[in-house]
Amino acid sequence: MEELSRKLSDIDTLETWKDHVQGFSRPEVAEAYERAQPLWVHRMICENKLYLHPDVIEQLERQSWIPNDLHKRMIWASLIASDESPNSKKRMYKIKDSLIIKYGKDWWEDVYSRLKHVYAAKERIKKIHSGPAVSAFITNTFIGSEAANDERIKALKMIPRS
């Protein structure tokens, strides 16, 4: 189970986990998911791949990276909003269908209502790195990296924490 959990925690696209557990029993899959989830959340946050309010990130850390129901909705909104692939709309509808089946329509509506805040924060963060000169300044100087981090935190604070 340890190997499967590690494998799952390295997959960014959370909705595809089910494709990687073929041949395992239901209890084994449940155990692997339970073990992989905090590893995945921690990795995604460390790699700046999740757009969450800084207070939510602190809550997750205090909870050993185990998200509660509200955090899960925030995470799904972040995953949908951060997708810039050509298939992003198709992926969103696929995620929507699976979330409605698993949690219900109200749960999905809450995820959907969070998207505009995450999109806005994501766009603000993208602007931080606009242009090669700015990127070089951020990458090569302490002051630049600190300023970029401060701007990232300000952008993430645009996302509701509840």
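Reply: One term to start with: buried means under 20% relative accessible area, exposed over 50%, and partly exposed in between, with a 1.4 Å probe and protein chains only. This is a predicted model, in which local features need pLDDT of at least 70, side-chain atom pairs count only at pLDDT 80 or more, and totals for chains, interfaces and linings use all residues. Residues are numbered from 1 along each chain as its sequence is written, and side-chain values use heavy atoms, with hydrogens and water left out.

Me: Which residues of H8 are buried?

Reply: Gly144, Ala148, Arg152, Ala155 and Leu156 are the buried ones in H8. They sit on the same side of H8, because they cover an arc of only 105° around the axis. The arc is that of the directions from the helix axis to the C-beta atoms. Phe142 and Ile143, on the other side of H8, are exposed.

Me: And what do the buried residues of H8 pack against?

Reply: Helix H3 (54–62), helix H6 (105–128) and helix H7 (132–140). Contact here means heavy atoms within 4.5 Å. Helices (H or I, at least four residues) and strands (E, at least two) are DSSP runs, numbered from the N terminus.

Me: How far apart are the end C-alpha atoms of H8?

Reply: They are 21 Å apart, which agrees with the 21 Å that the 15 residues of H8 (residues 142–156) should span at 1.5 Å a residue. The expected span is 1.5 Å times one less than the number of residues.

Me: At what angle do H7 and H8 cross?

Reply: Roughly 105°, and their axes come within 5 Å. That makes H7 roughly perpendicular to H8. Phe137, Ile138 and Asn140 of H7 make the contact with Phe142, Ile143, Gly144, Ser145 and Ala148 of H8. Axes are lines fitted to C-alpha atoms, for helices over the stretch in contact, and angles run from 0 to 180 degrees between N-to-C directions. Angles under 35 degrees count as roughly parallel, over 145 as roughly antiparallel, 65 to 115 as roughly perpendicular and the rest as oblique.

Me: Now H4 and H6. Is their crossing left-handed or right-handed?

Reply: Right-handed. A crossing is right-handed if the near helix is turned clockwise from the far one by less than a right angle, and left-handed if anticlockwise. The axes of H4 (residues 69–82) and H6 cross at roughly 55° and come within 8 Å, and the two helices are therefore oblique to each other. Residues that meet there include Leu70, Trp76 and Ile80 in H4 and Trp107, Val111 and Leu115 in H6.

Me: Different topic. What is phi of Ser64?

Reply: About 55°, a positive value although Ser64 is not a glycine. Ser64 lies in the loop between H3 and H4 and is partly exposed, at 48% relative accessible area.

Me: Trp65 then: buried or exposed?

Reply: Trp65 counts as buried, with 15% relative accessibility. Its phi is also positive, near 65°, in a residue other than glycine, and Trp65 is in the loop between H3 and H4.

Me: Last one. What is Asp83 in contact with?

Reply: Ser88 and Arg91, leaving aside neighbours within four places in sequence. Asp83 lies in the loop between H4 and H5 and is buried, at 14% relative accessible area.

Me: Where is Arg91?

Reply: In helix H5 (residues 88–103). Arg91 counts as buried at 17% relative accessibility. Apart from neighbours within four places in sequence, Arg91 is in contact with Thr13, Glu15, Leu79 and Asp83.
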